Structures are given as structure tokens and as C-alpha cells.
Amino acid sequence: MFYRVDMANLAVTKDEGVKYQGLGGRALSSRIVAEEVTANAHPLGENNKLVFVTGLLSGTGAPNAGRMSLGAKSPLTGTVKESNVGGAMGTKLGRLGIRGIIVEGLPQKDTAYILRVSTEGLFVEEMPALQGLNIYDTVAKLQEVFGTKVAIGCIGTAGENKMVSACVGFTDMEGAPTRQAGRGGLGAVMGSKKIKAIVADDSGTKMVSFADEAAFRAGAKKLANALLTHPVTSQALPAYGTDVLVNILSEAGGLPTRNFSTGRFEGANDIGGETLAAVIKERGGKTGHSCSPGCIIRCSQIYKDKKGEVLTGGFEYESCWSLGAHLGINNLDDIALMNRLCDDYGVDSIEMGVTIGVAMEAGVAKFGDSQAAINLLHEMGKATPLGRILGAGAEVTGKVFGVRRVPTVKGQAIPAYDPRAVKGVGVTYATTTMGADHTAGYSVTANILGVGGKVDPLKPEGQVDLSRNLQIATAFIDSTGLCLFVAFAILDIAEGLEGIVEMCNARFGWNKTIEDYLEMGKQVLRDERGFNKSAGIGDGADELPEFFRTEPLSPHDVIFDIPKEELDKVYNF
């Protein structure tokens, strides 16, 4: 079932979406954008569309199938964008039988609207009291009205101000807005349509139907066994969260520090997963936390301040890096506060951390000065002239301040792995359809962790094939509603991948092979690249900034040396 919402006249229509049969998650969101959004449409204009879609396995109770996808033309990059998010929303929409919500047009009235979804349908409602609120206060007010069991996705003032780094914050199972559809500025698209929040209530729903429930349960058991067996998903992530990577990457010489000036951070242990877990335990927080229904990896956590008050949750490696090592900051409490501010104002913590690092390189503040970084976040939150520059992201900030070393691809900030020392992810950054994005083809698996084989991270050989294969597989995984972290297990344990295939087939009565599902992944990439080319973003944009090719990175004194002609072979399929 699909809902279409025309904000120009506040009309809601419903259809079965026959033309999008057999698609879910990223495959669905990117196909809708490719087919229904004019490539030259302004991302904040009436002709862009914002889509909320569920995955093939959403609402089924499959292990780690609580993800959903948001899609639009990105105001940050100008490319197609799929933003993948956890929390409770994907499961609730799946249980409601909703495959997609497509929002188009711009409203005539300057007020705040919400989309309310339940078994009774989808309704557009005015809630002017939400205007000007940040995300935590928005969630609190909505919970006063609709209760604490609903799922909420909403924007803060950054989204209302249409800053292109704006995210959409979603509630976790405890009702806290700690999960973000972070990258690509989709919060600004939501703000342009005056939608403050989407609220989903799945009370009164029944279990979703299966073509073959027994086969589905058997497949689910295979995946669960793989996740509960693999050391990354059963031990490292539950104990330390994704922040376990700080010390690993620093030791490998691939932790970008002080705006990608070196690959090791002297304060890595102060902000790494082991220290984070110890502080959480000492203060009565929680590790091994599930961010969405059905999660058995449990890599999230709840972080308390020195007074014992909850400060933030879902404290990921990328946030600890962008607001920590990247800025030369090793105070975990300050980093946690900045993470909370990003979640509350509603901005992508990766984009903001990299942006502040660029501003520090320009002399706006000093590396290592956490109070200055906090002040800059508040400038963004208040939408001062400086704050609006920062809210426009790293690339714009670099241009305004005349900075040469700006780590972006297609306008989006490069995340937490230096492409000179982790060359496989460098290939992914350069070639992914949505700007620099580590999750699009997480080559860190074989480059650093030895998962799914081993490819030397410092040498160019094998990196293009590694990134290509992972980008194809990831596009499929993103279409199922599964958490990408299942990849750690299924890359090493074949039975886990078999389980995913069996679950998808049993859900819909299909008889597809793994090759068929990988072809789905390839088609996702074709759809996305086709849209980008129509928007004027072709193969020439598949490149890293110049300084990665010319400035050696310590401690290994390496540059990114994969030739452009090799990068152009990534999509040879």
C-alpha cells in the first residue's frame, strides 16, 4: 500500500503501487526518485519528492530488519539520495502494510504539519505549536498528544531553516530520538514541505502475512545463528559499540585527525569504545542496546553525563570521530554533548564535525578547543550568518573561508576512514552515487577487519573489485530493511546469506537466487547513476579531492594512488 501526499492542497490518496512491485527500501526509494523527480528540479522546490519506504522484510520480525529508507534529490549533493535509518518507525510502518509514503508539492500556508499514520489511514494535520522547536522538545510534545508507544520521525530548527546538512531524527524503542536519517540533507527537504513530523501508531495491527511462514522462520533462524556466532556481531559490537573502531583505525594509521592531516590520534584511547563502555558502566548507562525491534546485534548504547542524566544515545564511531579526533578533541563528555546538540538541532553529525574541522583549519577556532566547537554548533542552531554557513556543510564552508583542503566528494563530507590508508573505502567514497559515504561499500571489512577476506589497505591492488562487489551487495541489503551490520556475519558465514534469500522468498512466494538479488543491487546502482547523469553529475565527479593524491599521510606516508581510469571501472557490470 502506498500513500501519496500533495502538500499543495493537503490531499492524500492511496494506491497499491503496482508499478513498484517487488521493490523495497533503497531499491524502491531510488526508483521512485529516478522515475518521478525531474533531474533538474530544485531540491527544496515543489518538484522534488520526499519518500518514506519500508524494506522487503519490514514488520516481519526478521532479525535486525528494523531499518527503513528515506529518499529525495539531495540539496547537499544534487544527486539522488537514500538515507537509511533504524529506530521503531520502519517496523511500525511495515506492520501497517505501508510500502511507501510519497510527499510532493509545497504548502501554501506557513505552519507546521504532521503526517499521522494508523490503521485508520494517513492524515495531514496542522500543529503550529511545533514550529521553532528542536527535536527533543518536538518528540516530547507529540508524545503528550499521542502517547509514548508511537514512532516519531521529525526535524529540528536546522530542517525548518532548510540547512542542507539537516537530518531527520527518529525515536528508538524507548521513545528517544537517537536514530537519524543523517546524510544528504533530507531534513531540509522535509522542512521545505513544512512537515515537522511523521507519527506512526501500529496498535490494532495483525501479524504480516507470509507465502510460506515455516520457510521464513527457517531462514530467520539461519541469519540469527550467523549473527550470534560471528565475533564482530556477537562480541565486539554488543560490548563496545561501533566506537570500538577508534583504536583499531588509529593503530592502522587510518583515523583522520585534525582535518585529515595525520592518520593517528594521540587521544584515541580517551574516546575509543573501551573507554566509552567503561564510562557508561560507571555512570549507570547501558551498552548492548537495541536501536530497533528485532535487533540482536545490540551495538547501540545510552550515555549519561557526570550527574547521571541521560545525555545521548546511539553514540556511533563516526560521531565520536567527527566531533573528536577530527577536531583534535579527546574529552568524551564534550563529544557526547556535541552529539546531543546535533541530534537536537537536527543536523548530520558527520557533516557538522567535518565542517567544523574545515572552519578550524581556516582559523575560525583552534583544533582541540571543544568549547569553541560547541559554540559553533550553537551558532548553527541559532542560524546566525556564521551558523548558516556552517549549516551549509563542509564544501560551502571551505569555499567561504578559502580553505584548500576540504574533504568532500560530490559536496558531501568524507567520513571516518582516511582513503589514503584504507584505499578500498577511498574507492567507495569516490564512486558511490550519493557523495562520500562509507556505508555504500564498507571496504573496511576486508581492508582492516579481515572480514570477508583480506585486501591490503595500503596497496591499490584489489580495491576496485572489493568496492564494486560491496556496493552491489549493500544496495541489495539496503532494500530489505536489514541493518547493514548483518554483512559482518554473512561475509564469513554462508548460511546467514542463505537465510536472507530464504526469508525474502518465503515472504512473497518468490523463487529467486542470490544472483537474482545481487542483480537487484546492480539495478539500484543503475537507477541512481541514471538520475545523476540526467542531473549533470557524471563519471567525472567520481574522484577524491586533490590533496589525497598529493599529500602523504603519516604514519605510513601513503597517498591515494588508484588511477582515475581504474575508478571508472567500478560500474563495469
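Me: How many bridges join strand β3 to strand β4, and do they run parallel or antiparallel?
Reply: Strands of a sheet pair through backbone hydrogen bonds, either parallel or antiparallel. Two strands pair if DSSP finds at least two bridges between them, and strands are DSSP runs (E, at least two residues) numbered from the N terminus. Here β3 (residues 50-54) and β4 (residues 68-73) run antiparallel and are joined by four bridges. Phe52 has Leu70 in β4 as its bridge partner. This is a predicted model, where local features need pLDDT of at least 70 and side-chain atom pairs count only at pLDDT 80 or more, while totals for chains, interfaces and linings use all residues. Residues are numbered from 1 along each chain as its sequence is written, and side-chain values use heavy atoms, without hydrogens and water.

Me: In what order do the six strands form the open sheet?
Reply: The order is β2-β1-β6-β3-β4-β5, with mixed pairing. At the edges, β2 (11-15) and β5 (80-85) each pair on one side only.

Me: Which residues touch the most other members of the largest nonpolar core?
Reply: In soluble globular proteins, nonpolar side chains tend to be buried together. A nonpolar core is a set of buried Ala, Val, Leu, Ile, Met, Phe, Trp, Tyr and Cys residues joined through side-chain atoms within 4.5 Å; buried means under 20% relative accessible area (1.4 Å probe, protein chains only). In this core of 120 residues, they are Leu255, Tyr303, Tyr317, Trp321, Tyr417 and Ile500. A second, separate core has 31 residues, including Met89 and Val168.

Definitions and conventions
Buried means under 20% relative accessible area, exposed over 50%, partly exposed in between (1.4 Å probe, protein chains only).
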